[in-house]
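Have the viewer open as you read.

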Amino acid sequence: MEKFVIHGGKPLKGEVTISGAKNAAVAIVAATILCDEPCVLENVPEISDITMCMKILKAMGADVQLVRKNVVRFDTRGITSPHVPYEMARVMRASSYFLGTLLGRFHEAYVAMPGGCYLGDRPIDQHLKAFRNLGATDELENGEVHCKADQLIGSQIYFDFNTVGGTINAILAAVKAKGRTIIENCAKEPHIVDLANFLNSMGADIRGAGTDVIKIKGVDYLKGITYPIIPDQIEAGTYMVAAAATKGDVLINNVIPKHLESITAKLRKVGVTVEENDESVRVHVDGALTKTSIKTMPHPGFPTDMQPQFSTLLTLAEGTSIVTDEIFDNRFRYVAELRRMGADISVDGKVAIIQGVGKLNGAPVAATDLRAGAAMVIAGLAAEGTTEITDIHYIQRGYECIEKKLQGLGADIKKVIVNDPQSVKMSG
Ligand code: EPZ
C-alpha cells in the first residue's frame, strides 16, 4: 500500500501541463470495440482507470500497443466474445460503457454491475432504458448485466434527467443501429462531445453532441483513425484550486478555457485572479479569499467532480459558504477527514455549511474516493505541518503522476510505501 506525505504551507509556483481527460478516455477506449480497423489514440492519460480499460480489451482478445508515452494503438478485431471478465468490470463505473459498445457490435453484452467511487446510489436504469428503446432486452445473471438484441433499430430515447453515462451508452449502442435515433434530454459534458467527434472521425453520423438533442444515423463501418483526446477539465480545475489554496501563482498548460468557465467564474467570485490564454490559464491570489455559495449542476453548470476540491478551498475563505451537491446523494464523505485538519464544516444531506477558518493543520487522513482524495491533497498542500494521505489508489485512478506534477510546482510531497503491518486499519 502507498501513501502521500505532504509538508504543507508552500505556495505552488511555476507551470504544469494537463493530461488527457479521464472521462473522455474511458468512453473512447471502450468505443474502439466499434472500430472496424486499427486506430491510434493520443493524449491518453496514464491513470489506473485507463489501464484497467486496456486490460479488459486485451483479456477479450484485442491488440493494444503503447506507441509512445500517452499514445496507444488499438486493434479490437480479435475480440470474438461479448463477455467482459467479471473481476475487471466490477471495480469501475466506466465498465458500464462496455455494455453499449459490445451491444453495438455484437448485439449482446455481459458486463458485471459497475463499481467505482461510492458517491451514493448509482443505478443504470437510464442506460437500460436506452438499450430497450433500441430493441434490446436485459437481465441480471449472477451479478452480470446481460443485454441482447436480434438487431438494434434506431428509435427515440428521452432521458428522465441528464445522465453522462446514459448519454454515452446510448450513443455507443445507436451508432451502428439500423436507421435514425434521436436522444433527448442529453448530458452536455465536453467528454460527450469528444466521444461524438471521435466516432464521427471514423465515419459515424452523430449530430448535436453538447446540446439537449443528439441525432444519430446508423452506419455499417467505422474506419481507423488517429485521434487526440481532449484535456481533462477536472484535472485542470484541481490544479487551479490548489494554486489558489496555497496562495501561489501557477500557469496551467494544455487546457480548453471554455471547458473551465464555471470553475473560473467561481474562483474569481472568491477573489482569485484567473488569466485566460488560448490554451492555458494563469491562477494567482493577491488578497484574502471570501465566501460563496455553490450548487453542482450538469454541464455547463458547476461540475460535481470539482465539489470536494472547491469546498476545501472554502474552508480557508472568510465567512460562511454553502455547497449543495445536486448530482450525487453522498459526496461529502471527505468532510470528516477535513475536520481532522481543523475545518469547520457541517453537512445536512446534500448541503454542506462551511465556516472559514484561518488555517488548516496537517494530520493523518484517508482518501475516501477519487475527488475526495484530490481534496485531501489540496488541504495538505495548504495546511501548516505534515499531512499523510492513505488509500491513494483512489487518486491514482484519475490523476496522472500527481505527486511529480506537484513537485514540479515546488510542493513538498512524496509517495511512500506503507509496509508497516501494525499500520492502523480504518475501522467501520
Ligand atoms: C459520470 O458518472 C462520471 N464518471 C463522474 O465522474 C461524474 O461525476 C458524473 O458523470 C457526473 O458528471 C465517468 O464518466 C466514468 P451520471 P455517471 O450518469 O455517468 C444518477 C469522477 O470523479 N443516475 O451523470 O455515473 C446517478 O446515480 C467521476 O471522475 C441514475 O439514477 O454520472 C447520479 O446521481 C465520479 N440512473 C446522477 O444520475 C442512471 O441510469 C448523475 O449520474 C444513471 C445515473
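The protein splits into domain 1 (2-19 + 231-427) and domain 2 (22-228), with bounds that come from an automatic or database domain assignment. Keep in mind that this is a predicted model: local features need pLDDT of at least 70, side-chain atom pairs count only at pLDDT 80 or more, and totals for chains, interfaces and linings use all residues. Residues are numbered from 1 along each chain as its sequence is written, and side-chain values use heavy atoms, with hydrogens and water left out.

Taken over C-alpha atoms, the centres of domain 1 and domain 2 sit 30 Å apart. The contact (heavy atoms within 4.5 Å) draws 24 residues from domain 1 and 26 residues from domain 2. About 1900 Å² is buried between domain 1 and domain 2, and carbon and sulfur atoms give 51% of that; buried area here is the accessible area (1.4 Å probe) that two parts lose on being put together, summed over both. Which residues of domain 1 lose the most area to domain 2? They are His299, Arg397 and Glu400, together 36% of what that side buries.

Between domain 1 and domain 2 there are 10 residue pairs in polar contact, both partners at pLDDT 80 or more. A polar contact is a pair of N or O atoms within 3.5 Å; within protein, one must be able to donate a hydrogen and the other to accept it, and residues adjacent in sequence count only if both atoms are side-chain atoms. On the side of domain 1 that touches domain 2, α12 (370-382) and α13 (393-396) each supply at least two residues. Helices here are DSSP runs (H or I, at least four residues), numbered from the N terminus.

**Salt bridges**

The structure holds 24 salt bridges, meaning a side-chain nitrogen of Lys or Arg within 4 Å of a carboxyl oxygen of Asp or Glu. The rule finds 2 of them across the interface of domain 1 and domain 2. Arginine 397 pairs with aspartate 49 at 3.0 Å, N to O. Aspartate 49 also forms a salt bridge with lysine 22, the closest N and O atoms being 3.9 Å apart. Lysine 22 lies in helix α1 (residues 22-31) and aspartate 49 in helix α2 (residues 48-59), so this pair ties together parts that are 27 residues apart in sequence.

**Around the ligand**

The ligand is surrounded by 23 residues, the closest being Arg93, Gln126, Thr163, Asp305 and Ile327; a residue counts if one of its heavy atoms lies within 4 Å. Here are some distances to an oxygen atom of the ligand:

| Residue | Protein atom | Distance |
|---|---|---|
| Arginine 122 | side-chain N or O | 3.2 Å |
| Valine 164 | backbone N or O | 2.8 Å |
| Aspartate 305 | polar side-chain atom | 2.5 Å |
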